[in-house]
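Dear colleague,

Please find below the sequence and structure that I am handing over to you. My findings follow directly after them.

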Amino acid sequence: MAFQKPPGTQDFLPGAVERWQFVESKAREICRRFNFREIRTPIFESTELFQRGVGETTDIVEKEMYTFTDRGDRSLTLRPEGTAGAVRAYVENKLYGEPDLTKLYYIGPMFRYERAQAGRYRQFHQFGIEALGAVDPALDAEVIALGYTFYTEVGLKGVRVEINSVGTPAVRAAFRERLLSFLEPKRSLLCKDCQSRMDRNPLRVLDCKVDQAHFEGAPSIVDSLDDECRTHFDKVQMYLSDMNIPFSVNPRLVRGLDYYTHTAFEYKAEGIGAIDTIGGGGRYNGLVSEIGGPDQPGVGLGLGLERTVLLLEHQQTELPDLNAIDAYVIALGDAAEREVSKLIYGMRQHGLSVERDYQGRKMKAQMKSADRLKARFTAILGDDELQRGEIALKEMATGEQRFVKLDQLADAIASSK
Ligand code: HAM
């Protein structure tokens, strides 16, 4: 029996993986400009970290975690998201002791046992950032701006930014009561999910896609904010406007993780079936202390890379051809054959991307390979040329052909870039 990959996972094959490389290199480059530095944390962590960090009543912790017991009887979980692990590492390595803010980024796989569909997988990848150590609303705006810059610079069109304030735990508790008194009389009209959410996490009810008709006149969290929350929210909007980042306020935006305080935001775009959220984040002022660290605030985001790549394909964005090689070298004759191994090794040492034939194919088949690989040059070495210490070099774009000295081949190709 042939094996198949587990449901909800993907193989990224040559030809498609280049888009991933492009997107990831953009993420790294933008992080450098915004002065975020990379952190790499384990793919699995103690289960309790996510229970405490992400929240016991979230869908993620209740239904979606890949949890297992290892041979030492520890309960471990494949990370469903990146924030909890990054914050754990921040606390464990006492990064909060440094005089400057801690600005971290990560790119890597996350795992959630969800129903797989276009844009939703069980192993997926996030580009995430976390800025720890300041409550300044300018930092919330910087994080939102970084995500917006990422989407713009990879070439996505039509990305919208929606923001909300989910307040402090005290604000939320008061709002929860107001909301429940509004929802209670409608309980029987709402879908099963909403009915159970009313008991566990009523703020998420307003997020429901099917019940929107029943929410006319629902209380809004934005009207329930206290002065501190309101000022913070106003300033985030002010900074975003100053930077010309287009956004809209969505008072019904609630995120699927429990740690948010104040700012919550999402990036949205059309084109992946029923899914329109492509990234999200927010401020989490209580999380560091919740998992045993000092009382340090934080703000961050997570952007789904599958959704980014799917949309780029959907929008047929041109990809820079990262795969074209510099030269394809063809040997004609036994002596030339032997020389070519050494020759292309030297070219590769010189920084050029080079390929040759290893299957004893005819010259015509090799020329076709050179075309498929989009080689900028084809170099043909016959035994006669070898005796003269030369090689025939053809530039594919112009068709121009000349002889160059073997020891000048690499330079000749490199200098024509
Ligand atoms: P999240 O909203 O759960 O936030 O996930 C962020 C993004 O990851 C989503 O918008 C989506 O693009 C992608 N994503 C989530 N689940 C899947 C899935 N099953 N398949 C494909 N893509 C998926 C977080 O994870 C927070 N840690 C973000 C954050 C960082 N907040 C503060 N700092």
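**The ligand and its surroundings**

A polar atom in the side chain of Tyr259 lies 2.9 Å from a nitrogen atom of the ligand. Please bear in mind throughout that this is a predicted model.

On its own, the ligand exposes 660 Å², and the protein buries 96% of that area. The largest share comes from β10, which supplies six residues. In total, 26 residues surround the ligand, and the closest are Glu81, Glu114, Tyr121, Arg255 and Tyr260.

Two further pairs of atoms deserve mention. In the side chain of Thr83, an N or O atom is 2.8 Å from a nitrogen atom of the ligand. In the side chain of Arg112, an N or O atom is 2.9 Å from an oxygen atom of the ligand.

**The annotated positions**

The UniProt record, an unreviewed entry, places the feature "binding site" at Glu81, Gly82, Thr83, Arg112, Gln126, Glu130, Arg255, Tyr259 and Tyr260. From this set, Arg255, Tyr259 and Tyr260 belong to the lining of the second largest pocket.

**Tyr259**

Tyr259 is located in the loop between β8 and β9. Is this residue, Tyr259, buried or exposed? Its relative accessible area is 7%, and Tyr259 therefore counts as buried, the cut-off being under 20%. When neighbours within four places in sequence are left aside, the residues in contact with Tyr259 are Gly53, Val54, Glu81, Thr83, Arg283, Tyr284 and Leu287. With one of these, Glu81, Tyr259 also forms a side-chain polar contact of 2.4 Å.

**Arg255**

Arg255 is found in the loop between β8 (248-249) and β9 (263-272). Its relative accessibility is 14%, so Arg255 is classed as buried by the cut-off of under 20%. Not counting residues up to four places away in sequence, Arg255 touches Arg204, Tyr260, Ala264, Phe265, Glu266, Gly280 and Gly281. Tyr260, one of the residues touched by Arg255, is likewise among the positions that UniProt lists for the binding site.

**In brief**

Tyr259 has a polar side-chain atom 2.9 Å from a ligand nitrogen, and its side chain is joined to that of Glu81 by a polar contact. Arg255 is among the residues closest to the ligand.

With kind regards

Technical notes
Residues are numbered from 1 along each chain as its sequence is written. This is a predicted model: local features need pLDDT of at least 70, side-chain atom pairs count only at pLDDT 80 or more; totals for chains, interfaces and linings use all residues. Side-chain values use heavy atoms; hydrogens and water are left out. UniProt positions are given in the numbering used here, feature names are shortened, and annotations may be inferred rather than shown by experiment. On a 1 Å grid over the protein atoms alone, a cavity is a set of points where a 1.4 Å probe fits but cannot get out, and a pocket is an open set with protein on both sides within 12 Å along at least five of seven lines; lining residues have an atom within 4 Å of a point. Helices (H or I, at least four residues) and strands (E, at least two) are DSSP runs, numbered from the N terminus. Buried means under 20% relative accessible area, exposed over 50%, partly exposed in between (1.4 Å probe, protein chains only). Contact means heavy atoms within 4.5 Å. A polar contact is a pair of N or O atoms within 3.5 Å; within protein, one must be able to donate a hydrogen and the other to accept it, and residues adjacent in sequence count only if both atoms are side-chain atoms. A residue is near a molecule or strand if one of its heavy atoms lies within 4 Å of it. Accessible areas come from the Shrake-Rupley method with a 1.4 Å probe; for residues, only the protein chains shown count as cover.
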